[in-house]
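Here is a walk through one structure, in plain running text. Keep the 3D view open while you read.

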Amino acid sequence: MRFFFRSRQFKIIISIFAGVVVLAVIFGIMGARMEPGASLFGTITAPIREASSEVFGSIKDLFGSMKENNKLLLEKAELESEVNELRKEVAEAESVKEQNKLYKEFLGLKDEHPDFELTEAYLVSRDSDDIYGSFVINRGYASGIHKYDPVISSAGLVGFVTEVGVTTSKVTTILSPDISLGALCVRTSDSGIINGEYSLADKGFTKLTNLSRNCSIAVGDYMKTSGEGIFPEGILIGTVETVGTDKYNSSVYAEIKPFADISSLKGVMVITNFNGKGGVTVGTKGSE
Amino acid sequence: MTVKQKKVYFYLYTALLTLVAFILQYNGVFSLKIGTASPMLMLSVCICYSMFGGELFSVIFALCLGFLTDGAASGTKGFFNTIVFIVLSLAVSMIVLYLFNNNFRSGLVLGILGSAVYYILRFIFCVPKSSLQNSVSYLLGTSMPSVIYTAIITLGLYFLVKQIFKRYYVR
């Protein structure tokens, strides 16, 4: 082993390692863009990942349709009994219709926010071992994407861009504890801060903290962005699933189910510009 | 089979294995996840090749795997995978050359150790930590099952990579 440490091989290995560490430090300090090596390989492999996603998607759909045929027969019988129940639910649907009306109003983001500059992007890869649902999209700084740009889907807020390459970017979702986002209740205007939490991320939920003790937030309330930090105002986040009191400091918190189904996203929109962007740069724990 | 043909086959199978592992890991639709456990296939490939390839080959291979992984992984930061893969590949290849015999048992031990080191480093540098309770839950509920899962896959890959090296590798 002593000879190995004196050998030319060892010197080459140390040089490679030192080179990578120096690059990592330099680009870690610069911070704004994905490292050139990673970006280059990300760019090269993006079509492979997109193609494999398509292939696996098709296979999944094929197996899904085969299963579907068997299910249909069973479902036919079930549906007949459900028809009667559905009649009763028609009355309830009227109230849901009202909720949908409100929801649609928020979905028309572009109409409401003409200042938004949106870039459409598709998911090219997802880290299966990241429980917070982060993913890579097929747009980078060549498409005008910048670090901390908010990412939304047609349903609501998804997260923000954390690393930008030439043609790909990494997105951290609202399930991550890395996010710290001001939120407002649509009905009561109670405000709080959205922070992801490990125990909730697995269920696809996130946590609303810093609520005042006399807040009147309730299950079913809609939450939207307050406009503080890197996110524009008025983007729907999700619904309140439970409201509780923290057992350690007796503060009030709520579990939020995001409108965007983060585990099955395929297409997203990146807000590359909006009125007030750049006014405040702090809004995520990672941005300091 | 000539030496040239062997070399071609060796790099062909290596590229194919890497590509399959890469696609399975990062295709975005299908994953090998079981519950909270998710294997790090690229790490398994890295460890297995390090057990047979010698120090320099292992480090260069780890460098390529690391760049590929960092280009696609969304759960880690910057050059994290590249650095960890290089360190682990050098450590594994040196352990196999100077300390352990290269056999099934060392494959198992190095698979577990390598995965454990990777997930601990990942927890330290890349996982957002909100509270102690959540950190412990993450380590026990996600990292530990993933370490075991990755080690099992490493062991399976060990035999495959052993065959590739036995039949086609020429120093």
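Setting aside neighbours within four places in sequence, A:Ser125 is in contact with A:Arg49, A:Phe135 and A:Val136 in chain A, and with B:Tyr26, B:Asn27, B:Gly28 and B:Ala72 in chain B. Bear in mind that this is a predicted model. A:Ser125 sits in strand 1 of chain A, and it counts as buried because it has 30 C-beta neighbours inside 10 Å. A:Tyr141 is 16 residues from A:Ser125 in sequence, and their C-alpha atoms are 18 Å apart in space.

Now for the wider interface. In total, 49 residues of chain A are in contact with 39 residues of chain B. On the chain A side, at least two residues each come from helix 2 (8-30), helix 3 (36-107), strand 1 (117-126), strand 2 (135-137), strand 5 (169-173) and helix 5 (198-201). Helix 3 of chain A gives the largest share, 13 residues. By type, the chain A side divides into 23 nonpolar, 15 polar and 11 charged residues.

Over in chain B, have a look at helix 1, residues 3-26. The buried residues in helix 1 of chain B are B:Thr14, B:Ala21, B:Phe22, B:Ile23, B:Gln25 and B:Tyr26. Just after helix 1 of chain B comes B:Gly28, with a positive phi of about 85°; B:Gly28 is also one of the contacts of A:Ser125.

How much of helix 2 of chain B is buried? Of its 13 residues, 12 are buried, so the helix is largely enclosed by the rest of the structure. The buried ones are B:Leu41, B:Met42, B:Leu43, B:Ser44, B:Val45, B:Cys46, B:Ile47, B:Cys48, B:Tyr49, B:Ser50, B:Met51 and B:Gly53. Their cover includes helix 1, helix 3, helix 4 (80-98), helix 5 (104-126) and helix 6 (132-168) of chain B. The length check works here too: 13 residues at 1.5 Å each should span 18 Å, and the end C-alpha atoms of helix 2 of chain B are 18 Å apart, which agrees. Just after helix 2 of chain B, B:Gly54 takes a positive phi of about 85°.

| Helix pair in chain B | Angle between axes | Distance between axes |
|---|---|---|
| Helix 1 and helix 2 | about 155° | 8 Å |
| Helix 2 and helix 3 | roughly 170° | within 9 Å |

Helix 1 and helix 2 of chain B pack at about 155°, which makes them roughly antiparallel. In this pair, B:Leu17, B:Thr18, B:Ala21, B:Phe22, B:Leu24 and B:Gln25 of helix 1 meet B:Leu41, B:Met42 and B:Val45 of helix 2. The contact between helix 1 and helix 2 of chain B divides into seven nonpolar, two polar and no charged residues.

Helix 2 (residues 41-53) and helix 3 (residues 55-72) of chain B cross at roughly 170°, which makes this pair roughly antiparallel as well. From helix 2 of chain B, the contact uses B:Met42, B:Val45, B:Cys46, B:Tyr49, B:Ser50 and B:Gly53; from helix 3 of chain B, it uses B:Phe57, B:Ser58, B:Phe61, B:Ala62, B:Leu65 and B:Thr69. The contact of helix 2 with helix 3 of chain B divides into eight nonpolar, four polar and no charged residues.

B:Met42 turns up in both of these contacts. Neighbours within four places aside, B:Met42 is in contact with B:Ala21, B:Phe22, B:Gln25, B:Leu65 and B:Thr69. The largest nonpolar core has 102 residues, and B:Met42 is among those with the most contacts inside it, along with A:Val158, A:Met223, A:Ile237, B:Val45 and B:Cys46.

Most residues other than glycine have a negative phi. A:Tyr148, not a glycine, has a positive phi of about 75°, and lies in the loop between strand 2 and strand 3 (150-152) of chain A. Phi of A:Ser189 is also positive, near 65°, and A:Ser189 is found in the loop between strand 6 (181-185) and strand 7 (191-195) of chain A. Which of them is buried and which exposed? A:Tyr148 counts as buried, with 21 C-beta neighbours inside 10 Å, while A:Ser189 is exposed, with 11 other C-beta atoms within 10 Å.

Technical notes. Residues are numbered from 1 along each chain as its sequence is written. Chains are lettered from A and ligands numbered from 1 in the order in which they are written. This is a predicted model: local features need pLDDT of at least 70, side-chain atom pairs count only at pLDDT 80 or more; totals for chains, interfaces and linings use all residues. Two residues are in contact if their C-beta atoms, placed from the backbone, lie within 7 Å. Helices (H or I, at least four residues) and strands (E, at least two) are DSSP runs, numbered from the N terminus. Ala, Val, Leu, Ile, Met, Phe, Trp, Tyr, Cys and Pro count as nonpolar, Asp, Glu, Lys and Arg as charged, and the others, Gly among them, as polar. A residue is buried if 20 or more other C-beta atoms lie within 10 Å of its own, exposed if 12 or fewer, and partly exposed in between; C-beta atoms are placed from the backbone. Axes are lines fitted to C-alpha atoms, for helices over the stretch in contact, and angles run from 0 to 180 degrees between N-to-C directions. Angles under 35 degrees count as roughly parallel, over 145 as roughly antiparallel, 65 to 115 as roughly perpendicular and the rest as oblique. A nonpolar core is a set of buried Ala, Val, Leu, Ile, Met, Phe, Trp, Tyr and Cys residues joined through C-beta atoms within 7 Å. The expected span of a helix is 1.5 Å times one less than its number of residues.
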